[in-house]
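Subject: Structure handover

Hi,

Here is the structure we talked about. Please open it alongside this note, and my findings follow below.

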Amino acid sequence: MSAVRFLHNDWIFTQLGGGQGTRCGEWLPVNGFPTTVHVELLKLKRIPDPFLGMNEWEVQWIGESDWIFKNNFIVTNTELAARHVDLVLEGLDTYATVTLNGREILSAENQFVIYRVSVKQDLQPGPNELVITFTSAFKKGRQLEKEHGKFHLWNGDSSRLHVRKAQYNYGWDWGPVLMTVGPWKPIFLHTHDLRIADVDIRCRVSEALDVNITVDLALCEGSPGSASVLLRDPRGKVIRYRDALPVEIGRASTNFHLSSGEAELWYPVHYGKQPLYAVEVAVKDAVGLILDGRPMDRRCEKVAFRRARVLEEPLIDQPGKTFLFEINNIRIFCAGSNWIPADSFLTLLSPQKYRSWLQLVVDGNQNMVRIWGGGIYEADIFYDICDVLVWQDFMFGCGQYPAYDSFLKLVEVEAEQSVKRLRYHPSVVILAGNNEDYQLAESLNLVEFPARQIYESMLPSIVGEFCDIHYHRGSPYSAPGVPTTDPTLGDLHQWNVWHGSQQPWQNWHILSGRFISEFGMQGYPNVRTVDHWLDGRADERFPQSRLNNQHNKAAGFERRLELYLVENFRHAFDMDSYVYYTQIMQAEALATAYRFWRRNWCGKGREYTAGALVWQMNDCWPTTSWAIVDYFLRPKPAYFAIARELAPFTVGVTRKEKKTFTDELSASSFIIETILEVWGTNSTLVEKKARLEISFFDLDCGWSDKTSMDVVLTPNSSIELFSDRLLGQPTRTKLSEIPRTIIVSARLLDEAGIVLGRLSNWPEPYKFIHFPSVKDLGLSITTEHDGESVELAAQMPVKGIVLDVEGDDIKWSDQAIDLFPGDPQIVKAVGLRGREVKVRFLGDGLS
């Protein structure tokens, strides 16, 4: 018999010795459990909101203080009659001493580890007292640093490298310094006579797509007995069953086989369904069943069947190798985002909030998220509901981590537990050893560094023993002995836009790699989010204010934002305009990257770029960052621009200037031609017949023209569709001859005339364009009969439309919209409720 009882009620807490949080001896009630100190003090109004104004710096004492959490609970004689009683603490943040009825039962040192302690001998019938004393992780880290040495890092305090705690708590270039502390995951009593300690289920799918399932179980002790294992299909029907399996020395094993066509395979969203099977294991002791007829213990694990491979193969006509993901024999261009913890206070993340975040991922046409190595191994709910592919880092980020014995022991337990927890989730297709640790070593000219032992020995050994998931030494990582910046191997963090050489975003096509696992551009969040952190301070409502500076943690962000703004736009500095222009800049930069890199997915053997994951999907607090959706789940315009580039069918357009010298001895005798290139992409697995329509409009004189042709979009690849001189653009012979402002609109239409994909291409930089007066645009915004959608139309091209309303925000289906004459667009506006729609666009005269 096995039973679980959560200890989530009647907790109290205090600051050890008293201080700013509580008086000495004052105990405060815990409002919700699990929890952390900041959350409780905020609910009790003992601290200001750290997300507002400069308040982050008003609460630093919390992370440098010691705290006690106490719980009194009743234990019954029935519970004590069990052969075993365990106290399970699923997560303690971070250094904690646990006592039960006055006796120390545990010393915890790792936020990422589950602790199970046998406590039957320490319990008594009736009242029992559980006390958890948390010591400052920050101060403990400083002590460890003194003992073991100071190591190099990017972001945060260097002492973090010695502490197995979420590293972003120490502050990052997008997040605050908020050193959380407390029992952040559930705590429960587990009574049992016989416990299943581990169930290792391996579902191996062959190239022929038949499935072999092996189930290995281990009991917590070497007792003899028997086990049953059954497999249920996604509708709950039992399709395979084994009974009376002998359990010898606490272990048993069995296997099942499903033929090709019999097994329902799991695919990432946009490629198929996500059916889940259930494996149920039950064990009996040597005597058989206990009195009420139930087994001694049972486990049920959800599993799925998919053949997941990372392919690193030679390319047909470029150096290096592919780095691509194949699911069930389908090669997939992985387009998605990087995921950081969605809150500085993790206990505030409800299942519904996780669902809302992941729904945004799916609605944005993404098929992969990368869980970044400076946060946490995510909550079970994240993986349970995640229908896109998951790139999972181990929790090492931007540092030269140590490798002394006590640290390695912590990492070993953490890694084994994490792999065992994640291995059943079909979405997890790669485990990477760290984030940017090899890159940091290269910046220091280090070939040998202590943590290589972790990334090249310990972690691959643990991964290989406990699961079948592909292991990658780090991100980025190319190959042994090859710089992480090599674009022809492995994955690449492409930060030469924004960081590094700060190249124009128009150069993404020459900044490609085999798999771009990080790239980004900053943009302000929704102005409502800005006003939230300003907290009513109208005198601080300008871009260069102290409070706005406080809510952008990126070093040198002012120079970088202005570099890209001034290179591309004529912009203003009032708050609303600055928000708008940075958002359009971010949208343009990121959409351009996806457009160029998706062009590089050219079919089997020519997968020159096999994936792109934007930095970053989300924020952990209200801030200006690289996120495409802000802390309050408000998508930025970039989110929609990316979603359009990741649609099943897209059209891409670029223009290039070709300069030809007519006299090889002369620098002044030349001609300049503008070449227009158009390509299409198709992520489906069947070819698509379409009509390519290319329209031209001279913004200065109103001239227009159009051409069209039938095309076929090849399955699961890009294809070049058109290349010729730009219609309407004269050949130039002098640099003083200003090119005409020719706007190009390309659309793909199916046989019924439905738009499959559209794109407007404007001459860049936009700052050189003389936009027409607003009254000449013929721009109309008409609310549809349903009251929750609007039609946008114009008589001249309009660039960068962002819609808004006064008051509460609404849910838009699109933003950062380009309009072209004769091509009206419908935008859903859930929550419009009859309000007038406001609009911003380039050249709107409002800045």
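A residue counts as exposed when its relative accessible area is over 50%, and as buried when that area is under 20%. Asn445 is exposed on that scale, because its relative accessible area is 70%. Please keep in mind that this is a predicted model.

Start with Asn445. This residue sits in the loop between α8 (437-443) and α9. Its phi is positive, about 60°, although Asn445 is not a glycine. Most residues other than glycine have a negative phi, and most peptide bonds are trans.

His270 is another case. Its phi is positive too, at about 85°, and His270 is not a glycine. Look for His270 in the loop between β17 (251-258) and β18 (277-285). His270 is partly exposed, with a relative accessible area of 44%.

Now the peptide bonds. The bond from Phe33 to Pro34 is cis, with omega near 0°. Pro34 belongs to the loop between β3 (28-29) and α1 (37-43). The bond from Trp615 to Gln616 is also cis, with omega near 15°. Gln616 is in the loop between β30 (611-614) and α14.

What does Lys185 touch, leaving aside its neighbours within four places in sequence? Its contacts are Phe33, Pro34, Glu90 and Gly91. Phe33 and Pro34 are the pair joined by the cis bond with omega near 0°. Lys185 itself lies in the loop between β11 (175-177) and β12 (187-192). Asp93 is 92 residues from Lys185 in sequence, yet the two C-alpha atoms are 8.9 Å apart in space.

Ala479 is in the loop between β27 (470-472) and β28 (492-493). Is Ala479 buried or exposed? Ala479 counts as buried, at 19% relative accessibility. From Ala479 to Asp491 there are 12 residues in sequence and 9.7 Å in space, C-alpha to C-alpha.

**Cysteines**

How many disulfides does a search of the whole structure find? The count is 0. A disulfide needs two cysteine sulfur atoms within 2.5 Å. For Cys398, the closest cysteine sulfur is in Cys620, 14 Å away, so the gap is too far for a bond. Cys398 counts as buried, at 3% relative accessibility. For Cys602, the closest cysteine sulfur is in Cys334, at 16 Å, which is again too far for a bond. Cys602 is partly exposed, with a relative accessible area of 30%.

**Helix pairs**

Two packed helices are described by the angle between their axes and the distance between the axes.

Take α13 (residues 575-599) and α14 (residues 637-645). They pack at an angle of about 20°, with their axes 8 Å apart. That makes α13 roughly parallel to α14. Their crossing is right-handed. The α13 side of the contact includes Gln583, Ala587, Leu590 and Tyr594, and the α14 side includes Pro637, Ala641 and Glu645.

Next, α7 (residues 405-422) and α9 (residues 452-466). Their axes come within 10 Å and cross at roughly 35°. This crossing is right-handed. Among the α7 residues in the contact are Phe407, Leu408, Val411 and Val419. They meet a set in α9 that includes Ile454, Met458, Leu459 and Phe466.

**Sheets and a hairpin**

Strand β33 (residues 688-698) runs antiparallel to β34, and 10 bridges join them. Lys689 has Val712 in β34 as its bridge partner.

Another open sheet of 4 strands runs β38-β39-β43-β41, with antiparallel pairing. Here the edges are β38 (780-783) and β41 (811-812); each has a single partner strand, so one side of each is left without a neighbour in the sheet. Antiparallel strands β39 (residues 789-793) and β43 (residues 825-830) are joined by 4 bridges. Val790 has Val827 in β43 as its bridge partner.

Last, the hairpin. Strands β6 (residues 95-100) and β7 (residues 103-108) pair in the antiparallel sense over 5 bridges. The hairpin has 2 residues between its strands, and Asn101 in the turn has a positive phi of about 50°. Leu100 stands opposite Arg103 in β7.

Best wishes

Notes
Residues are numbered from 1 along each chain as its sequence is written. This is a predicted model: local features need pLDDT of at least 70, side-chain atom pairs count only at pLDDT 80 or more; totals for chains, interfaces and linings use all residues. Side-chain values use heavy atoms; hydrogens and water are left out. Two strands pair if DSSP finds at least two bridges between them. Buried means under 20% relative accessible area, exposed over 50%, partly exposed in between (1.4 Å probe, protein chains only). Axes are lines fitted to C-alpha atoms, for helices over the stretch in contact, and angles run from 0 to 180 degrees between N-to-C directions. Angles under 35 degrees count as roughly parallel, over 145 as roughly antiparallel, 65 to 115 as roughly perpendicular and the rest as oblique. A crossing is left-handed if the near helix is turned anticlockwise from the far one by less than a right angle, and right-handed if clockwise. Contact means heavy atoms within 4.5 Å.
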